[in-house]
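I opened this structure to look up its overall build, its salt bridges and a few residues. My notes follow in the order I took them.

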Amino acid sequence: MTLKGQKNALRKFLKAKRKELVQSGKKTALDKKVYENILKSGILDKYNVFLCYVSTEIEVDTIDFIKRCFDIGKIVAVPKCTSDEMTFYVIESFSDISTGMYGIKEPLEHCRLLTNEEMSQSICIVPALAYNKEGFRIGYGKGYYDKFISGYKGATLGLCYSNFIREDIPIDKFDRRIERVITD
């Protein structure tokens, strides 16, 4: 099987496992533990600008984290995808987002593009279906985050459930390592 075929098969398997977590009701408790560990990590003290995905039903939840950032005056920027790139726009509330490309929540047109200065002082919270212990991930297959991270100068953080830390993640030359992963 090709590397692409291996990745696609693993994505399909992992998406099914994530859906099982949702259906079993276990996901909410795991999300709460991940959120508590984010708070304990000290990143809210260290960074003022957060590039953060708005979680879908099967992803590690980021909603409470984003709310916390709003509450304490942090800058939150969320991704907007076009056919060939991903850029980050500042949101000030959840009313600044709507469903966009691939069914994910994206910033509305009135949101401002994150400045280069803000970008240089930021941490990017990267979604994934699974990570390995070295910080490599299996994403959703479009390559947006790997392409973005290849030119990104800020810090990177992954969120993952501990039972989705795996050693069988196929890695190719385009995959980028995430510096730190927080789990439940």
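Among contacts in the protein chain between residues at least 6 apart in sequence, what percentage join residues at least 24 apart? I found 68%. Contact here means heavy atoms within 4.5 Å.

**Ground rules**

I am working with a predicted model, where local features need pLDDT of at least 70, side-chain atom pairs count only at pLDDT 80 or more, and totals for chains, interfaces and linings use all residues. Residues are numbered from 1 along each chain as its sequence is written, and side-chain values use heavy atoms, with hydrogens and water left out.

**Overall build**

I looked up the secondary structure and found six helices and ten strands in the protein chain. Helices (H or I, at least four residues) and strands (E, at least two) are DSSP runs, numbered from the N terminus.

I then checked the dimensions. The C-alpha trace spans about 45 × 35 × 30 Å along its principal axes. The radius of gyration is 16 Å, and this agrees with the value near 16 Å for a compact globule of 184 residues. That radius is taken over C-alpha atoms, and the globule rule is 2.2 Å times the number of residues to the power 0.38.

How much of the chain counts as buried? I noted 45% of the 184 residues. Buried means under 20% relative accessible area, exposed means over 50%, and partly exposed lies in between (1.4 Å probe, protein chains only).

The accessible surface comes to about 9600 Å². Carbon and sulfur atoms hold 50% of that surface. These areas come from the Shrake-Rupley method with a 1.4 Å probe; for residues, only the protein chains shown count as cover.

I counted charges next. The chain has 30 positive and 25 negative side chains. The centres of the two sets lie 5 Å apart. Lys and Arg count as positive, Asp and Glu as negative, while His and the chain ends are not counted. Each charge is placed at NZ of Lys, CZ of Arg, CG of Asp or CD of Glu.

**Salt bridges**

Side chains of opposite charge can pair when their charged atoms come close. How many salt bridges does a search of the whole structure find? It finds ten. The criterion is a side-chain nitrogen of Lys or Arg within 4 Å of a carboxyl oxygen of Asp or Glu.

I started with Lys17 and Glu20. Their closest N and O atoms are 3.6 Å apart. Both residues sit in helix α1 (residues 3-24), three residues apart, about one turn of the helix. Lys17 is partly exposed because its relative accessibility is 33%. Glu20 is partly exposed too, at 44%.

Lys32 and Glu36 came next. Their side chains form a salt bridge at 4.0 Å, N to O. They are four residues apart in helix α2 (residues 27-41), so about one helical turn separates them. Lys32 is exposed, with a relative accessible area of 55%. Glu36 is partly exposed at 34%.

Arg112 is partly exposed at 40%. Their closest N and O atoms are 2.7 Å apart.

Leu10 lies in helix α1. Leu10 is buried because its relative accessibility is 9%. Which residues does Leu10 touch, leaving out those up to four places away in sequence? I listed Ile138, Arg166, Asp168, Ile169 and Pro170. Leu10 and Pro170 are 160 residues apart along the chain, and their C-alpha atoms are separated by 9.0 Å.

Val54 sits in the loop between β1 (49-52) and α4 (63-71). Val54 is buried, with a relative accessible area of 7%. Beyond four places in sequence, Val54 touches several residues, among them Ile66, Val78, Ile97 and Lys105. I also checked Val54 against Glu36: they are 18 residues apart along the chain, with C-alpha atoms 18 Å apart.

Ile97 is in strand β4 (residues 97-99). Ile97 is buried at 14% relative accessible area. Its contacts beyond four places in sequence include Val54, Val78, Ile91 and Lys105. Ile97 and Val78 are 19 residues apart in sequence and 8.8 Å apart in space, C-alpha to C-alpha.
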